[in-house]
Amino acid sequence: MIVNCLGYKVFKIKVSDFDTLKVEILLTEKSFNLKEIVVTNKKKLKAEFLNNFKECSRNFEATSVEYPQLAQHFQVQNVNCQLTKVKICEPSAVFGKIARYRLRIYGMDPITKGPSNDLCSKVIEVRTKLKRSGVYTINLEKYNIIIPNTDFFVAVEWLKIPSNYDEKMFQNSGGYWPMIGWTSGTNLTLESWQLSYGNRWLSRQDVLLISAIVKN
């Protein structure tokens with residue numbers, strides 16, 4: 001005889017082993033290790049465009065020796081949104097250059113209000129293509145980047161590699177591609193930041209032409 005019950009170990013016994021007509025069987029509990037269950041809303045997620053821009057400006061910024069990263073601040077209405085796309089004004093291809101750089105996604109430091117911890121553990125490396133507009137949209141859905149709070153940053157990290165270097169970029173010295181478009185701004189919630197080589201984030205008085213698309 002076999003006794004099988006969910007949550008208990010299987011019990012087997014030969015009927016010939018019964019020595020009475022009345023038998024009491026005690027089952028032993030068995031625990032299960034289940035996989036993670038993700039509960040989602042069946043409703044279609046709503047996309048929100050942050051700092052949306054239509055075209056590149058005439059103001060561009062590259063890097064020489066001053067700072068290795070530029071970051072744009074964003075605010076969302078709800079927590080736990082998913083960052084799905086980033087649109088960026090990066091006109092290197094307009095000048096006939098192909099650039100490689102990395103995107104970094106940061107949370108906000110509660111004290112400095114600047115970028116803090118990485119929200120994506122994977123390397124997001126971008127390689128530009130020849131495009132006259134200089135505007136690129138980068139799909140980030142495969143990285144499953146969740147914004148835990150209402151503030152986050154999208155940063156461009158320059159790669160100091162020979163293929164990115166241009167000795168004629170600046171009048172007195174060379175610099176590295178890509179160039180990032182920017183515009184003057186007065187909205188304090190859209191300020192940009194730059195990382196110094198002393199590993200310190202400093203606030204700037206402009207807005208980078210970087211847009212973020214989140215779903216919530």
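This is a predicted model: local features need pLDDT of at least 70, side-chain atom pairs count only at pLDDT 80 or more; totals for chains, interfaces and linings use all residues.
Colleague: Does Pro-91 count as buried or exposed?

Modeller: The relative accessibility decides, and a residue under 20% is called buried. Pro-91 counts as buried because its relative accessibility is 3%.

Colleague: Which residues does Pro-91 touch, once those up to four places away in sequence are not counted?

Modeller: Setting those neighbours aside shows what the fold brings together. Pro-91 touches Phe-60, Gly-134 and Met-179. Separation in sequence and in space can also be set side by side: Pro-91 and Asn-33 are 58 residues apart in sequence, and their C-alpha atoms are 52 Å apart in space.

Colleague: How many helices and strands does the chain have?

Modeller: The chain has zero helices and 18 strands. Its radius of gyration is 27 Å, well over the 17 Å that the globule rule gives for 216 residues, so the chain is more spread out than a compact globule. Along the principal axes, the C-alpha atoms fill a box of roughly 100 × 35 × 35 Å.

Colleague: What share of the residues of the chain counts as buried, for a chain of this outline?

Modeller: Of the 216 residues, 41% count as buried. The accessible surface comes to about 14300 Å², and carbon and sulfur atoms account for 51% of that surface. As for contacts between residues at least 6 apart in sequence, 74% of them join residues at least 24 apart.

Colleague: Which residues touch the most other members of the largest nonpolar core?

Modeller: The general idea is that, in soluble globular proteins, nonpolar side chains tend to be buried together. Here the largest nonpolar core holds 33 residues, and Leu-83, Leu-103, Ile-105, Ile-145, Phe-152 and Val-154 touch the most other members. Another core, of seven residues, lies apart from the largest one, and among its residues are Ala-71, Phe-153, Trp-193 and Leu-195.

Colleague: What does Leu-103 touch, not counting residues up to four places away in sequence?

Modeller: Leu-103 touches Val-86, Ile-124, Val-126, Ile-138, Val-154, Ala-155 and Val-156.

Colleague: Is Lys-87 buried or exposed?

Modeller: Lys-87, whose place is in strand S6, is buried, with a relative accessible area of 18%. Leaving aside neighbours within four places in sequence, Lys-87 is in contact with Asn-52, Phe-53, Val-135, Tyr-136, Thr-137, Leu-209, Ile-210 and Ser-211. The C-alpha atoms of Lys-87 and Ile-180, which are 93 residues apart along the chain, are separated by 11 Å.

Colleague: Where is Phe-53, and is that residue buried or exposed?

Modeller: Phe-53 is in the loop between S3 (47–50) and strand S4 (60–63). Phe-53 is buried, with a relative accessible area of 9%. Apart from neighbours within four places in sequence, Phe-53 is in contact with Lys-87, Ile-88, Cys-89, Val-135, Leu-209, Ile-210 and Ser-211. By comparison of positions, the C-alpha atoms of Phe-53 and Leu-70, 17 residues apart along the chain, are separated by 18 Å.

Colleague: What should be noted about the backbone, for instance about phi of Asn-80?

Modeller: Backbone angles are read residue by residue. Asn-80 has a positive phi of about 60° although it is not a glycine. Asn-80 is in the loop between strand S5 (69–75) and S6, and at 52% relative accessibility Asn-80 counts as exposed. Lys-113 also has a positive phi, near 65°, and is a residue other than glycine. Lys-113 is found in the loop between S7 and strand S8 (115–118), and is partly exposed, with a relative accessible area of 44%.

Colleague: Is the peptide bond from Trp-177 to Pro-178 cis or trans?

Modeller: The omega angle answers this. The bond from Trp-177 to Pro-178 is cis, with omega near 10°, and Pro-178 is in strand S14 (residues 175–184).

Colleague: How many positive and negative side chains does the chain have?

Modeller: The chain has 30 positive and 20 negative side chains, and the centres of the two sets lie 7 Å apart.

Key: Residues are numbered from 1 along each chain as its sequence is written. Side-chain values use heavy atoms; hydrogens and water are left out. Helices (H or I, at least four residues) and strands (E, at least two) are DSSP runs, numbered from the N terminus. The radius of gyration is taken over C-alpha atoms; the globule rule is 2.2 Å times the number of residues to the power 0.38. Buried means under 20% relative accessible area, exposed over 50%, partly exposed in between (1.4 Å probe, protein chains only). Contact means heavy atoms within 4.5 Å. Accessible areas come from the Shrake-Rupley method with a 1.4 Å probe; for residues, only the protein chains shown count as cover. Lys and Arg count as positive and Asp and Glu as negative; His and the chain ends are not counted. The place of a charge is taken as NZ of Lys, CZ of Arg, CG of Asp or CD of Glu. A nonpolar core is a set of buried Ala, Val, Leu, Ile, Met, Phe, Trp, Tyr and Cys residues joined through side-chain atoms within 4.5 Å.
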